[in-house]
Amino acid sequence: MCDCAMIEAERQRFSCLKTSTAAAKRFPALLLWLALAPAGFAATPTFSEIATLDGVFSMPESAAIDEDGRYIYVSNVNEYAKDGNGFISRLRSDGSDLQLRWLTGLDSPTGLAIRGETLFAADVDQLVQVSLPEARIIARFPSPDANPVLNDVAIAANADVYVSGSASRSIYRLEAGRLRVWRHDEERLAFANGVLMTDDGLVHGGQDWTVFDPLSREPLPTLQAVNATINDIDGITSDGCGGYLVTTLEDDTPWWIDSNGAAMASDLGPIGGIDLHLRGNLLAIPRVGNSLSLYEYGASCE
Ligand SMILES: [Ca+2]
Ligand SMILES: [Ca+2]
């Protein structure tokens with residue numbers, strides 16, 4: 001429950017604590033970390049490597065952690081074309097039990113997002129809906145535009161599904177079983193890339209960071225300071241404290257954007273991250289070079 005009379009700073013702190021507590025229920029290590037963190041500790045995140053799987057994937061792009069934090073799903077582009085050879089891998093959150101070709105029948109899947117027992121994948125020119133318990137494709141939603149080069153998927157709290165189109169300079173939304181253009185923007189959605197729906201709005205990476213109002217669909221001034229520091233953002237994931245962890249096309253090191261819009265290179269170093277997903281204290285990052293790295297993430301919200 002949110003006290004609407006709180007000032008903005010308090011609102012963010014409250015939201016952060018709520019998120020951290022929920023995450024801690026699923027991840028006891030995070031609870032311990034939070035208990036040991038001194039009051040007022042800076043929010044700079046820390047990373048501890050759990051596992052790296054090297055040289056086993058085929059152009060991995062995105063990773064999506066399921067809601068229980070048990071399994072990680074990884075998209076494998078396997079050369080970008082309408083070639084029928086793309087697939088999705090599944091492994092446990094400690095890096096074990098890899099099922100490399102857990103799901104086949106895709107062309108070149110890129111962005112992934114999970115809600116409940118459903119996985120959505122961007123696959124060149126269609127959004128693909130997958131049942132996780134059945135490990136099978138249950139629907140395909142073609143783009144209304146030819147050659148959109150679908151890139152990333154985001155799912156809102158109300159279950160609306162969004163997918164970005166890099167070539168079509170558009171963001172689509174799944175409406176009554178059809179993909180429809182939600183926003184077309186020649187400038188802001190040129191080479192459209194990472195998308196994430198948050199309390200701030202629909203966050204879009206790409207050449208310039210933009211947060212779109214979910215109702216008016218117009219750009220908001222939210223965290224515009226990001227653009228003074230980094231560009232060409234690819235993967236976006238929430239940091240649990242009102243900020244974001246991102247990967248960029250310009251830099252092999254993932255960056256951290258705090259809740260005020262200040263951006264700095266993370267301590268992960270130049271790992272060549274492509275897309276990334278943080279859930280609880282588990283961070284999964286597919287890497288250039290057919291690899292995937294898993295990290296235990298620690299952060300204390302200011
Ligand atoms: Ca392919
Ligand atoms: Ca992407």
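**Hairpins, sheet and core**

User: In the hairpin of β10 and β11, which residue takes a positive phi?
Analyst: Strands here are DSSP runs of E with at least two residues, helices are runs of H or I with at least four, and both are numbered from the N terminus. β10 and β11 are joined by a hairpin that has five residues between the strands. The residue there with a positive phi, near 80°, is Ala159.

User: What pLDDT do local features need in this predicted model?
Analyst: Residue numbers run from 1 along each chain as its sequence is written, while chains are lettered from A and ligands numbered from 1 in the order in which they are written. The model is predicted, and side-chain atom pairs count only at pLDDT 80 or more, totals for chains, interfaces and linings use all residues, and local features need a pLDDT of at least 70.

User: What is the mean pLDDT of the protein chain?
Analyst: pLDDT is the predictor's confidence in each residue, on a scale from 0 to 100. It stays under 50 over residues 1-42. In the protein chain, 86% of the residues reach 70 or more, and the mean is 87.

User: How many strands does the protein chain have?
Analyst: The secondary structure also includes two helices. The strand count comes to 24.

User: Which residue in β11 stands opposite Ile155?
Analyst: Two strands count as paired if DSSP finds at least two bridges between them. β10 (residues 150-155) and β11 (residues 161-165) have four bridges and run antiparallel. Opposite Ile155 stands Val161.

User: How many of the six residues of β10 are buried?
Analyst: A residue is buried if 20 or more other C-beta atoms lie within 10 Å of its own, exposed if 12 or fewer do, and partly exposed in between, with C-beta atoms placed from the backbone. By that count β10 is mostly covered. The number of its buried residues is five.

User: Which residue in the turn between β2 and β3 has a positive phi?
Analyst: Strand β2 (residues 60-65) has six of its six residues buried. β2 pairs with β3 (residues 71-76) in the antiparallel sense over four bridges, and Ala63 stands opposite Val74. Five residues lie between the two strands, and the one with a positive phi of about 70° is Gly69.

User: How many residues are in the largest nonpolar core?
Analyst: A nonpolar core is a set of buried Ala, Val, Leu, Ile, Met, Phe, Trp, Tyr and Cys residues joined through C-beta atoms within 7 Å. Ala63, Val153 and Tyr162 are among the members of the largest core that touch the most others. Tyr162 touches residues including Ile171, Trp182, Val195 and Leu202, not counting those up to four places away in sequence. The number of residues in this core is 71.

User: In the open sheet of four strands, what are the edge strands?
Analyst: The order is β6-β7-β8-β9, with antiparallel pairing. The twist averages 20° from one strand to the next, where axes are lines fitted to C-alpha atoms (for helices over the stretch in contact) and angles run from 0 to 180 degrees between N-to-C directions. Each edge strand pairs on one side only, and these are β6 (109-115) and β9 (136-142).

User: Is Thr118 buried or partly exposed, and why?
Analyst: Thr118 lies in strand β7 (residues 118-123). Leaving aside neighbours within four places in sequence, Thr118 is in contact (C-beta atoms, placed from the backbone, within 7 Å) with Gln129, Val130, Ser131 and Leu132. Because 17 other C-beta atoms lie within 10 Å, Thr118 is partly exposed.

User: Which residue in β16 stands opposite Val203?
Analyst: A hairpin of two residues joins β14 to β15, and Leu196 has Val203 of β15 as its bridge partner. β15 is also joined to β16 (residues 210-212) by three bridges, again antiparallel. In β16, the residue opposite Val203 is Val211.

User: How far apart in space are Gly242 and Ser259, C-alpha to C-alpha?
Analyst: Gly242 sits in the loop between β18 (233-238) and β19 (244-248). Gly242 is buried because 23 other C-beta atoms lie within 10 Å. Gly242 and Ser259 are 17 residues apart in sequence, and their separation in space is 4.9 Å.

Conventions
Contact = placed C-beta atoms within 7 Å.
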